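Colleague: I have the file open. Can you walk me through it?

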Amino acid sequence: MSEQKVGLEIANGVAVISIDNPPVNALGHAVRAGLVEQLAAAEADASVRAIVLACKGRTFSAGADITEFGKPPRAPGLHEVIERFDNCRKPVIAALFGTTLGGGLELALGCHYRVAVESARMGLPEVKLGLLPGAGGTQRLPRLIGPEKAVAAIVSGKMIGAKAALADGLIDAIVSDPVQGAIDFAHTVDPAKLVRVRDRSDKIAAAKADPSAFEAAAAEATKRLKGVEAPAACVEAVRNSFTLPFDEGARAEQQAFMRLVVGDQSRAQRHVFFAEREAQKIPGIGPEVKGAKIGRAVVIGGGTMGGGIAMNFANAGIPVTIVETDEAALSRGLDRVRGTYDVSVQRGALPAGTTEKRMALFSGSTDWGVMAEADIVIEAVFEELGLKKEVFARIDGIARPGALLATNTSTLDVDAIAAATKRPGDVLGMHFFSPANVMKLLEIVRGKESSAQSIATAIAVGKTLGKVPVVVGNCDGFVGNRMLARRTIECERLMLEGALPQQVDAVVKAFGFPMGPFAMGDLAGLDVGWRIRKHRGATAPVSDALCEMGRFGQKTGRGYYIYENGSRVPTPDPEVEALISEKATALGITRRAISDQEILERMTYPMINEAARILEEGIAIRPSDVDVVWVYGYGWPVWRGGPCFHADLVGLKEIAARLEHYAQAVGDETLAPCALLRRLAAAGQGFADFAQDAKAAS
Ligand code: 3HC
Ligand code: NAI
């Protein structure tokens, strides 16, 4: 079996050991066993002078097989494999291409030399899975590139390109073909002068003498990370690389890995990794349905969302035309896009000259005729059903047959919009999140007529634009905003019952969200929700009163908080406190002290209940899709895995009981656990069981 995963070819004194484990050459058990076997064969063969470690397929190895984590370990472990390469008495050269990640890079670091093609990228992204590199990476990488650069790379998990890798000493040469380049390189090395990476000390000598530069780099790398365990473990392990002998450092690294891999944070992050990929698999749409290629895009409406959406296309190198009502609106839209690029360049986030390069892919028009050339048309005009229907009827008359027609509506009925055309199969929702050029989530709203081809194309477009697409059903608020609405109701109630915005925000931030709901509301603008409430005949006494006072949030300097002299830092405002008391008194509510635990429950459980309703109705395909929506669209901390993952950790029984309690205490029946939540709780099950049953049934 091992032969199937790892091959060996010997020619002209060079043995080429090739991993062949599609799609990403993960280092599962069969690969590890095959590597040990083939290395031994190459070492034993007297005709072999040097060994090349290569990979077949589209990339060098992406690292350990993540699906094996949490299962009983099977020998040989990755450590053992790497140790054997490390101790090989013949020179071993790794031939890198594609992405060399995690254990894949650690394996390459166990070789004497590394060559790579120019397009190759490499990194240790374990931190993104709540881990640290566990097969010697924290000890070997610093010995090649120095502890300061190593700690930055390991804590961020970012990839390094071949050119930078060569400059830093991570690789030894850039070659045009990985295997042939490595074979050629092999002929140039002197087998008598082999130095193992573990025995190198030149790059760690300075930190050994004075660790201050390392400590500064470590502090910089971790400064925005709170609540997460893995980054601190990464720092400690890299520090060990120059304070401890190699074997001791490697042992400590392995212990830290074993601790993290069984922890909830890493489990949560691994869950999100697989959830993101699972979300792109749609029952009934097989791999034979390929997304259409997009060569040209049109975005109708160049406002806040339209401009941002269009930027995604330009960023991906796809020409895009913004269509607006008149020249003035058009130039306002294009100017705003240009300004956004300029700011990124000024901040150093994009290289100089980017604005011009990207703007060269933009065009603007007031003539709808441009739509005839488009492969995709995305509508982002005002949120009015009548207008959107009119716009789609007009697009229908111009766009070429088979073009994908998408609406960015956040609240309207996608079926009603699709019905305005004679091709509802080509219509769906593509719900981007603000700022659309930044936020990763893309809800793809499937109308009742949307064709499999349209869905496949929308998913492919989303991936091309660097988004995380999730297919959702057509209902008010889709998945994300429908759940958010539950939280918003509780925010208003909590104020009236006794909490203040700053207390609620502090609890939500302590949970791990980057922002609390009130600060978030101030940033987005309170008038948006106000308009929607008025339209629906709904009220929120405190929030409505703030809007009536012209307090729309940051843009007016006042909202739930006060923002003085253009500051973006929310400062609690006694006027708001007084207003809340006044409204509570008027409603006959005696305000009370509310515990942080109650706040956290009310900020999360009603949303989890709504997630269960969404699953019950089939609006989301699976619980993990809900998790992806909240992690990528709303700042749910990835290390808490998303609302459904978190709910399973807490236990649905507990959540159902608390919801029952709040439904009675508040007097709102909709807070009571829905039928699905009740059923799962009674059976002692979680969302994970629901997902498994659904999969088995389909
Ligand atoms: N183990 C198991 N499966 C993996 C995997 C891994 N390390 N990496 C990717 N896969 C699977 C994906 O789940 C997906 O499966 P599917 O087709 O059934 O959904 C398939 O391979 C293809 O992956 P992508 O869809 O992500 O393909 P892309 O081409 O878009 O991306 C990639 C390729 C950049 C390699 C990306 O998959 C990736 O980032 N993988 C994870 C890399 C990583 O985190 N490595 C570290 C692992 S931990 C480790 O090595 C521990 C060590 O220190 C001891
Ligand atoms: P906006 O008001 O900033 O922009 C709308 C633009 O559409 C304006 O520039 C307007 O001139 C243009 N427009 C209006 N009628 C047009 C027509 N017939 N032809 C061409 N252009 C026309 O609005 P925003 O915020 O960009 O919202 C657009 C859509 O995106 C709405 O459906 C909204 O619900 C949705 N959305 C908004 C989000 C947000 O946070 N602002 C988030 C997600 C979706």
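**Ligands, domains and helix pairs**

Modeller: The shell around ligand 2 is made up of 10 nonpolar, 11 polar and 2 charged residues. Ala, Val, Leu, Ile, Met, Phe, Trp, Tyr, Cys and Pro count as nonpolar, Asp, Glu, Lys and Arg as charged, and the others, Gly among them, as polar. This is a predicted model, where local features need pLDDT of at least 70, side-chain atom pairs count only at pLDDT 80 or more, and totals for chains, interfaces and linings use all residues. Residues are numbered from 1 along each chain as its sequence is written, while chains are lettered from A and ligands numbered from 1 in the order in which they are written.

Colleague: What is the mean pLDDT of the protein chain?

Modeller: The mean is 96, and 100% of the residues reach 70 or more; pLDDT is the predictor's confidence in each residue, from 0 to 100. The model has ipTM 0.95 and pTM 0.95.

Colleague: Back to ligand 2. Which residues come nearest?

Modeller: G301, G303, M305, E383 and S434, out of 23 around ligand 2. A residue is near a molecule if its C-beta atom, placed from the backbone, lies within 6 Å of it. Two elements, α14 (304-315) and α15 (327-346), each give two or more residues to that shell. Helices here are DSSP runs of H or I with at least four residues, strands are runs of E with at least two, and both are numbered from the N terminus.

Colleague: Which element gives the most to the shell around ligand 2?

Modeller: α14, with 3 residues.

Colleague: And ligand 1, which residues come nearest there?

Modeller: A62, G63, A64, G102 and G103, from 24 around ligand 1. β5 (99-101), α4 (103-109) and α13 (264-278) are the elements giving two or more residues to its shell. By class, that shell has 13 nonpolar, 7 polar and 4 charged residues.

Colleague: New topic. Where are the domains?

Modeller: Domain 1 is 6-262, domain 2 is 297-474, domain 3 is 499-587 and domain 4 is 596-697. The bounds come from an automatic or database domain assignment. Between domain 1 and domain 3, the C-alpha centres are 50 Å apart.

Colleague: How do α6 and α10 cross?

Modeller: At roughly 15°, with the axes of α6 (residues 147-156) and α10 (residues 212-222) coming within 9 Å. Axes are lines fitted to C-alpha atoms, for helices over the stretch in contact, and angles run from 0 to 180 degrees between N-to-C directions. The two helices are therefore roughly parallel to each other, a label for angles under 35 degrees.

Definitions and conventions:
Parallel < 35°, antiparallel > 145°, perpendicular 65-115°, else oblique.
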